[in-house]
Amino acid sequence: MPLVALLRHGEEAPAPDGRVGVESRSRRGLSPAGRAQAEAARDFLASLDTARVACSDAPRAIETARIVAAGRPVEVVPALAGLDVGDWEGRPAAELPDLARVLSDPSARPPGGESLADLEARFRSAFLGALPERGDAIVVAHRMANAVLLAGLMDLPPRDAGLIQQDPGGITILARRGSSLSVQMLNLNPLDPLRRRSVTSLA
Amino acid sequence: MPELAPQVERRLYLVRHAETEALTFDGFMRCEDPIPLTERGEAQAQALAELFAGLDATEVHASPMDRTAHTARVLAGPQRTVRLEPRLREISLGDLDGAHSRDIFAAAPRWLADPDAALPGGESLNDTTRRAAAALDAILATSDERDVVVVAHGGVNRGLLARLLGMPMDRAHRIRQDWACVNVLDRAAGRWWLGTLNWTPAGLAELALARGALIDEAAWRRLGR
């Protein structure tokens, strides 16, 4: 039975100007900690019979995927992108009173962006399309995208998707039979298995 | 409206006991003691002790059955107190304890898949989950530590995970729980958040070995349901 490793990208490098905002379309790569997370994921996944490595077109996902791929080719799939927050891109979360609602009400949509329901439909189709016909796969994507897919696989209501944590570099293992997927392990963090340094959050 | 990054009030480390000889799905199923850990199980428990060594918790709560109490004692090490809680015992197979799985599922074809189905003289998943959840509530109410470590069983953990996370109980039996696995749940903003499911010190090695026997729809159909 083939396995699929669904990862969240590693920790992103901070913005050069120090600004912290809501970003889905950032073009920055990984921080040193992010690279260490990707290297730990590569080692953890070394026993897979990996036939394909796919990732979104965000530089932090591509860099994570290149490290995890350990020399294999990496396929960039733009539809694996994270939640599109539209006009909110780059703004501090404190200025966005409706952000928490968008992350917990599947029908709420940020101006010019996507709802969780939109994200689930788009990401699920891109994810299934990225899987190889045979062999194991590694897919590197994003926090809420992974969470809405996993909520569906675990029969959790879409509004609760944000309760499923995806730490930077976190590894989720799915078993696959045809188009049916089942969660085997979720959000493993090889550098911090007890999540002592991880932040539990909705976003 | 949930907060974006709520304060974590409690952290639950829900652990399954390490490997034992019994409890196989392919052959005879036995839940009641005596069921010791295997040699590999002892090594798994030791790996848990190393994993938890730096954690502040001064107590480890466990089901009083051999396999959980022993796993908890090894995990706890000399510096922590092990507290045994009878309501964390594994789901009871009743009169059929020790029978072949064929006969168990012949007696109750929908056992586990139907959370209300019980074996003769035994328990349903819902019975088990209700008492285990009451035990967990009592542990959380009496302990004043943020981090709570509970060592229990495959069936108990599946029921608790489904209940705490709000999954339908009729899919609880499909949650994967490997030997000596650790689940991490956070209590924050009045909800349970899923941090990690089924981490094991063995990493992917166990999963890769078990490729043919992963818990999924097809595997459960092979068992006749």
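In chain B, 66% of the contacts with a separation of 6 or more join residues 24 or more positions apart; two residues are in contact if their C-beta atoms, placed from the backbone, lie within 7 Å. This is a predicted model, where local features need pLDDT of at least 70 and side-chain atom pairs count only at pLDDT 80 or more, while totals for chains, interfaces and linings use all residues. Residues are numbered from 1 along each chain as its sequence is written, and chains are lettered from A and ligands numbered from 1 in the order in which they are written.

**Chain B overall**
- You'll find 7 helices and 6 strands in chain B; helices (H or I, at least four residues) and strands (E, at least two) are DSSP runs, numbered from the N terminus.
- Read from the N terminus on, the order of elements in chain B is β-α-β-α-β-α-α-β-α-β-β-α-α.
- Chain B has 225 residues, and 46% of them count as buried (20 or more other C-beta atoms within 10 Å of the residue's own; 12 or fewer is exposed, and in between is partly exposed).

**Helices α1(B) and α2(B)**
- The axes of α1(B) and α2(B) (residues 66-76) come within 7 Å and cross at roughly 40 degrees; axes are lines fitted to C-alpha atoms, for helices over the stretch in contact, and angles run from 0 to 180 degrees between N-to-C directions.
- The two helices are therefore oblique to each other, the label for whatever is left once angles under 35 degrees (roughly parallel), over 145 (roughly antiparallel) and 65 to 115 (roughly perpendicular) are taken out.
- On the α1(B) side, Ala45(B), Gln46(B), Leu48(B), Ala49(B) and Phe52(B) meet Thr71(B), Val74(B) and Leu75(B) of α2(B).
- By class, the residues of this contact are 6 nonpolar, 2 polar and no charged (Ala, Val, Leu, Ile, Met, Phe, Trp, Tyr, Cys and Pro are nonpolar; Asp, Glu, Lys and Arg are charged; the others, Gly among them, are polar).

**A closer look at Glu50(B)**
- Glu50(B) sits in α1(B), which covers residues 39-52.
- Glu50(B) is exposed, because it has 11 other C-beta atoms within 10 Å.
- Glu50(B) and Val74(B) are 24 residues apart along the chain, and 9.7 Å separates their C-alpha atoms.

**Where chain B touches chain A**
- The contact takes in 38 residues of chain B and 36 residues of chain A.
- On chain B, the elements giving two or more residues are β5 (182-188), β6 (191-199), α6 (204-209) and α7 (217-222).
- β6(B) gives the largest share of that side, with 8 residues.
- The chain B side has 23 nonpolar, 6 polar and 9 charged residues.
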